[in-house]
Amino acid sequence: MNDAHDSFDYQSARAAGDDVVRRGLLDLAVRLLAEDGPKALTLRHLAQRANCSTKVVYTLFGGKNGLSEGLKVEGFARLRFAVERERRRHRDPVQALLPVMLTYRSFALARRALFGVMFGNALPEFVPTEYSRQQAQLALGAVESAVVEARAALGTGPDDAREAAVRLWAAVHGPVTLEVEGIMPFDCDGERLARLAVTDVLASLRLNQPRAAISLEKTP
């Protein structure tokens with residue numbers, strides 16, 4: 001997934017075809033969302049920054065709802081990539097579970113505006129489609145795969161890996177959302193609360209054997 005900050009220019013990219021142009025516009029939209037906020041993300045503004053006409057954006061996305069869906073889908077694709085990358089960093093799938101779930105927090109804090117599109121009401125006019133919901137499920141599937149691997153390594157654990165993945169996701173989503181929205185009490189440590197929330201669920205799922213123990217202290 002591309003988090004690059006290189007500029008995109010339609011006139012330079014058009015010869016490469018619609019797929020390349022669509023990808024470039026989507027990457028640019030993600031960047032504009034982070035820089036200027038959701039209210040500034042209009043088709044006209046995107047077209048101006050990309051050096052193209054609004055007709056090009058309409059043609060490739062079908063309008064504002066299509067662009068909003070593209071952002072939502074892109075957000076979940078990037079989250080899935082981040083989760084899978086973190087999972088691959090660990091040789092022990094049991095020890096991987098906590099850092100995998102904490103990737104959710106680092107992802108959200110680094111992409112607050114995009115996170116708001118994925119889970120909140122940052123683009124209130126957007127009407128989610130079944131396709132965007134399916135893409136969110138794929139991101140959940142990356143967590144489910146991590147659970148399946150840990151359960152196989154331990155020889156025990158939850159019978160329903162999908163339900164376990166949902167519980168882990170829900171556990172970390174609460175404190176992360178409070179932190180992203182700026183309503184976490186000032187004397188609370190967001191990382192520590194996220195760790196505690198995930199660790200509690202791992203314990204209830206029997207996925208926290210001693211060899212998987214990771215300090216609850218904040219990472220330096």
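**Entry 1: burial and model basis.** I looked up burial and found that buried residues make up 45% of the 220 residues in the chain, where buried means under 20% relative accessible area, exposed over 50% and partly exposed in between, with a 1.4 Å probe and protein chains only. I note that this is a predicted model, in which local features need pLDDT of at least 70 and side-chain atom pairs count only at pLDDT 80 or more, whereas totals for chains, interfaces and linings use all residues. Residues are numbered from 1 along each chain as its sequence is written, and side-chain values use heavy atoms, with hydrogens and water left out.

**Entry 2: fold and extent.** I read 10 helices and zero strands in the chain, both taken as DSSP runs numbered from the N terminus (helices H or I, at least four residues; strands E, at least two). Along the principal axes, the C-alpha atoms fill a box of roughly 60 × 40 × 30 Å. I then checked contacts, meaning heavy atoms within 4.5 Å, and of those between residues at least 6 apart in sequence, 69% join residues at least 24 apart.

**Entry 3: surface and charge.** The chain exposes about 11,400 Å², of which carbon and sulfur atoms supply 51%; I note that accessible areas come from the Shrake-Rupley method with a 1.4 Å probe. For charge, I looked up the mean positions of the 29 positive and 27 negative charges, and these positions are 2 Å apart, with Lys and Arg counted as positive, Asp and Glu as negative, and His and the chain ends not counted.

**Entry 4: aromatic pairs.** I applied the rule that rings of Phe, Tyr and Trp (its six-membered ring) pair if their centres lie within 6.5 Å, with planes under 30 degrees apart counted as stacked, over 60 as edge-to-face and the rest as tilted. The count comes to six aromatic pairs. One of them is the tilted pair of Tyr104 and Phe119, at 5.9 Å centre to centre and 55° between the planes; the pair links Tyr104 in helix H6 (residues 93-110) with Phe119 in helix H7 (residues 112-119), 15 residues apart. Tyr104 counts as buried because its relative accessibility is 4%, while Phe119, at 30%, counts as partly exposed.

Tyr104 also pairs with Trp169, edge-to-face, at 5.8 Å centre to centre and 70° between the planes. That pair joins helix H6 to helix H9 (residues 161-180), with the two residues 65 apart, and both Tyr104 and Trp169 are buried.

Which residues form one aromatic cluster with Tyr104? I found Phe76, Phe115, Phe119 and Trp169 in the cluster with Tyr104.

Notes
The place of a charge is taken as NZ of Lys, CZ of Arg, CG of Asp or CD of Glu.
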